Amino acid sequence: MHFNPRIPNYLATASGDKTVKLWDVADNKPNMLHSFPSPLGKLFSCSFCMDDPFLLALGGVSANVEVLNTIMLGAVARRYGNLAQQAGVNQGASASASGSK
């Protein structure tokens, strides 16, 4: 689990059930924005990037790392798109990379 350090109330969870979930937790009322199966199998960690707050790195049992651009997801863009513009994030750019240890 990781709270986004630059986007208030934006939380990512990653779990051993191979699921990534993105949440809006404003007003202590969790609202799941998006859920998707892990590209890495069981997950051990997730972390948002300080330089681009919509990039989410995932690490799992496969010993690989996957980086996802979460602003490209419809519900995330609808909820946080105005903050992306303020942060100077290019919403049209796709970022996805993977690699192994």
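A salt bridge is a side-chain nitrogen of Lys or Arg within 4 Å of a carboxyl oxygen of Asp or Glu. By this rule the count comes to 1 salt bridge. The structure is a predicted model, in which local features need pLDDT of at least 70 and side-chain atom pairs count only at pLDDT 80 or more, while totals for chains, interfaces and linings use all residues. Residues are numbered from 1 along each chain as its sequence is written, and side-chain values use heavy atoms, with hydrogens and water left out.

Select aspartate 24 and arginine 79 to begin. These residues form a salt bridge, with the closest N and O atoms 2.7 Å apart. Aspartate 24 lies in strand S3 and arginine 79 in helix H1 (residues 74–87), so the pair ties together parts that are 55 residues apart in sequence. Helices (H or I, at least four residues) and strands (E, at least two) are DSSP runs, numbered from the N terminus.

Now display accessibility for the pair. Buried means under 20% relative accessible area, exposed over 50%, and partly exposed in between (1.4 Å probe, protein chains only). Aspartate 24 counts as buried, at 9% relative accessibility, whereas arginine 79 counts as partly exposed, at 32%.

Next, select asparagine 28, which is found in the loop between strand S3 (19–24) and strand S4 (31–37). Its phi is near 55 degrees, a positive value in a residue other than glycine. Asparagine 28 counts as exposed, at 75% relative accessibility.

Finally, move to asparagine 9, in the loop between strand S1 (2–3) and strand S2 (10–14). Phi of asparagine 9 is positive, near 70 degrees, and at 33% relative accessibility this residue counts as partly exposed.
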